[in-house]
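This report covers helix packing, ring pairs and model confidence. Please have the viewer open alongside the text.

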Amino acid sequence: MSGWKSTGGKALIVGTLLAITQALAGPALAGKFDGVTLRIGTWGGSWKANMEERIVPRFEAEGGKIEFVTGSPQANFAKVVAARGQAPFDIMEILDAQVSDILEAGFLQKLNLELIPNKQHMDAYQYNENMIGSWHTQEVICYNKDKFAELGIPAPTTYKDLVRPELEGRISFPDINSGGGLANLGSLAYATGGDENNIKPALEMLKAMKILKFWSQGGELVQQYQSGDVYASVSNAGWCLRAKNAGVNVTSVHPFIKEGMVGVAKEGWLGIMSNSTNVEAAHWFLNEYLDEEFQLLFAKKSGITPINRNAIARMGEDPVIAEMLVLDPVKIQKQQRTDYSKFQISDWTDEWNRMVAQ
């Protein structure tokens with residue numbers, strides 16, 4: 001009997017202590033984003049897969065769920081326009097060519113930059129109260145070193161170096177409707193003495209290049225190199241890197257544009273939609289997108305250049321990447337950027353179409 005009393009007494013004491021501990025501790029800790037579903041308007045494929053690999057599990061660990069509304073930024077922008085500003089996502093990928101239109105339409109809410117501490121690893125020009133930079137590409141001249149050696153052609157340093165009889169019908173250039181089409185046409189305009197209001201010199205040089213193909217899908221360009229149809233192209237460095245990884249002996253050159261300006265940059269941005277109510281979670285996502293580890297993973301798998309300076313520095317540890325990309329933030333800032341507020345895209349498209357039709 002005494003043993004029963006002793007055991008029961010101990011159990012009672014333990015139970016009481018546990019109840020007291022639980023009472024002091026309060027309710028069970030909840031995830032920071034329990035019940036929150038965050039929707040992201042972004043590209044599909046490997047682009048989305050990068051986020052699924054790194055960001056989604058971390059959000060789910062906080063109790064939330066991320067869904068993707070896939071499509072190009074142009075397609076997602078059209079969805080918002082059609083819905084009169086009621087976006088079917090909380091966050092949207094934005095191309096530099098869309099910035100003026102989306103700000104003018106009032107589709108974004110102001111950011112609280114204090115909730116994005118990873119901005120400390122960015123340059124000041126890469127964020128503002130409306131949007132935050134997410135990536136950039138470096139638009140380059142990519143060329144097959146073996147073919148150039150066979151033909152006795154020196155490595156190009158300018159677009160003009162591609163105007164050669166040996167390269168007629170062997171050059172690929174981005175279509176104006178492709179992701180890099182406008183940026184590269186703009187840089188070609190500057191390199192030939194024009195600007196956003198005068199692309200005629202650029203179009204004349206394109207005719208002189210005797211272009212084989214105006215490409216619209218990066219995978220298509222890689223296939224052109226693999227088949228031997230193309231010896232040189234204009235593209236972002238990521239596609240040149242993928243051609244190299246596919247076994248073609250290519251490298252990239254950052255074209256001389258004008259004195260003090262070498263290379264071409266195209267930028268991506270992220271913004272929170274004006275109708276989003278998941279404001280805290282959206283800022284969390286933006287901060288995660290700029291995290292050093294995600295930026296590094298994203299850059300290596302997608303061929304873009306990170307925004308996070310620490311990630312940029314680590315990119316240099318790969319000798320192939322170091323050969324093909326500019327990794328000095330000061331030099332990156334000085335690369336040519338097209339100012340899309342200075343012209344009407346429809347005007348450029350009309351001139352382009354007339355050139356292609358000739």
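## Helix 2 and helix 10

In which hand of crossing does helix 2 pass helix 10? The crossing is right-handed; the term applies if the near helix is turned clockwise from the far one by less than a right angle, and anticlockwise counts as left-handed. Helices here are DSSP runs (H or I, at least four residues), and strands are E runs of at least two, numbered from the N terminus.

The model is predicted: local features need pLDDT of at least 70, side-chain atom pairs count only at pLDDT 80 or more, and totals for chains, interfaces and linings use all residues. Residues are numbered from 1 along each chain as its sequence is written, and side-chain values use heavy atoms, without hydrogens and water.

The axes of helix 2 and helix 10 (residues 279-289) come within 11 Å and cross at roughly 120 degrees. Axes are lines fitted to C-alpha atoms, for helices over the stretch in contact, with angles from 0 to 180 degrees between N-to-C directions. The two helices are therefore oblique to each other. Angles under 35 degrees count as roughly parallel, over 145 as roughly antiparallel, 65 to 115 as roughly perpendicular, and the rest as oblique.

Helix 2 brings W47, M51, I55, R58 and F59 to the contact (heavy atoms within 4.5 Å), and helix 10 brings A281, W284, F285, E288 and Y289. By class, this contact has eight nonpolar, no polar and two charged residues. Ala, Val, Leu, Ile, Met, Phe, Trp, Tyr, Cys and Pro count as nonpolar, Asp, Glu, Lys and Arg as charged, and the others, Gly among them, as polar.

## Helix 2 and helix 11

Helix 2 (residues 45-60) packs against helix 11 (residues 292-302) at about 150 degrees, with the axes 10 Å apart. That makes the two helices roughly antiparallel. Their crossing is right-handed.

From helix 2, W47, N50, M51, E53, R54 and I55 meet E293, F294, L297, F298, K301 and S302 of helix 11. This contact has six nonpolar, two polar and four charged residues.

## Aromatic pairs

The count is 17 aromatic pairs, with ring centres of Phe, Tyr and Trp (its six-membered ring) within 6.5 Å; planes under 30 degrees apart are stacked, over 60 edge-to-face, the rest tilted. The W47 and W135 rings have centres 5.5 Å apart and planes at 85 degrees, so this pair is edge-to-face. W47 lies in helix 2 and W135 in strand 4 (residues 132-144), 88 residues apart.

## Confidence

The chain averages a pLDDT (the predictor's confidence in each residue, from 0 to 100) of 91, and 92% of the residues score at least 70. Residues 1-8 stay under 50, with zero contacts beyond four places in sequence. Residues 21-28 also stay under 50, with zero such contacts. Where pLDDT is low, the predicted coordinates should not be read in detail.
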